Amino acid sequence: MPPKKEKKEQLKGDEATEMILEYLTKQNRPYSATDVSSNLHNAVTKVTAAKILKEMHESGQIEGRVSGKQVVYHVIQDPKDSVSEEELKAMDEEIEALRQEATALKSQFKDIQASLNSLKSTPSISSLNDSVAILDPEVQELEEALATLQSGATKPVDPVQKAAAEVEYKRIEKAYLKRQKQFKEFWAVVCDMNEGDPTELWVGSRFIIAFCSSQGISTKWTSDREITNTIEKLLD
């Protein structure tokens, strides 16, 4: 079974009167008996609060006014507590000064926030050092290349010669691919007719020497392994 809630002690008499008067004075606004009892967390019951409020009103300790179907009560306002026009003006000036100060602080906060965001986006010292370490060799290499060009040791390629070389390269490449295709077709026919290892047809054969010479491939072999490697590259 859940534990029974401890029953809270409810005040009566002078203690209840003192508590209600203290609460109304502190809040300085009108309340009904129901509001007082509820706001005091039922330390004073609604019935007791209604009785005490009525008695204090009748004795002139507090003011009471009818609001709808209920009576609301509030402490009596002391004229001495009222604020003069000079004090009100001073308060207005203070409020305006505080308002302007708040506006200036907001603007300052925005500037500081923008500066902070800028600092966050700025690379750190460590990352800059890493970038310098990567770029230093590249800069040195470019400086060396520039020094070579400035010394006149390397002459720039003539545009006409460059264009002619590109045309010749494309012609040679096209002829090479054509011959390579013809060779592969021919070699496929030879392999179909041969029952042994096709590479044995190459070793010691003048055909490989003639073919490699026509393709610009070196034929200065020192072993059968080098010949076999050449054959595998041709057939790749």
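**Close-up views of a predicted model**

**View 1. Threonine 48 and its contacts.** Setting aside neighbours within four places in sequence, threonine 48 is in contact with Leu11 and Ala16, where contact means heavy atoms within 4.5 Å. This is a predicted model, in which local features need pLDDT of at least 70 and side-chain atom pairs count only at pLDDT 80 or more, while totals for chains, interfaces and linings use all residues. Residues are numbered from 1 along each chain as its sequence is written, and side-chain values use heavy atoms, with hydrogens and water left out. Threonine 48 sits in helix 3; helices (H or I, at least four residues) and strands (E, at least two) are DSSP runs numbered from the N terminus. With a relative accessible area of 17%, threonine 48 is buried. Buried means under 20% relative accessible area, exposed means over 50%, and partly exposed is in between (1.4 Å probe, protein chains only).

**View 2. The largest nonpolar core.** The largest nonpolar core has 17 residues, of which Ile20, Leu24, Val36, Val44 and Leu53 touch the most other members. Helix 1 (13-27), helix 2, helix 3 and strand 3 (70-75) each supply at least two residues of this core. A nonpolar core is a set of buried Ala, Val, Leu, Ile, Met, Phe, Trp, Tyr and Cys residues joined through side-chain atoms within 4.5 Å. In soluble globular proteins, nonpolar side chains tend to be buried together. Valine 44 is in contact with Leu11, Ala16, Met19, Ile20, Ser37 and Ala49, leaving aside its neighbours within four places in sequence.

**View 3. The loop between helix 2 and helix 3.** Leucine 40, in this loop, is buried, with a relative accessible area of 12%. From leucine 40 to isoleucine 20 the C-alpha to C-alpha distance is 8.4 Å, and the two are 20 residues apart in sequence. Histidine 41 is also found in the loop, between helix 2 (33-39) and helix 3 (46-58). Although histidine 41 is not a glycine, its phi is positive, at about 55°. Histidine 41 counts as exposed because its relative accessibility is 61%. Asparagine 42 has its place in the loop between helix 2 and helix 3, and has a positive phi of about 65° although it is not a glycine. Asparagine 42 counts as partly exposed, at 40% relative accessibility.

**View 4. The aromatic pair.** The structure holds 1 aromatic pair. Tyrosine 23 and tyrosine 31 form this pair, with 5.4 Å centre to centre and 40° between the planes, and it is tilted. Rings of Phe, Tyr and Trp (its six-membered ring) pair if their centres lie within 6.5 Å; planes under 30 degrees apart count as stacked, over 60 as edge-to-face and the rest as tilted. Tyrosine 23 and tyrosine 31 are both buried.

**View 5. Salt bridges.** There are 2 salt bridges in the structure, each defined as a side-chain nitrogen of Lys or Arg within 4 Å of a carboxyl oxygen of Asp or Glu. Arginine 99 and glutamate 96 meet through their side chains in a salt bridge (2.9 Å, N to O). These two residues are separated by about one helical turn because they are 3 residues apart in helix 4 (residues 85-121). Arginine 99 is partly exposed at 47% relative accessibility, and glutamate 96 is partly exposed with a relative accessible area of 36%. Arginine 171 forms a salt bridge with glutamate 168, and their closest N and O atoms are 2.6 Å apart. Both arginine 171 and glutamate 168 lie in helix 6 (residues 159-193), 3 residues apart, about one turn of the helix. Glutamate 168 has a relative accessible area of 34% and is partly exposed.
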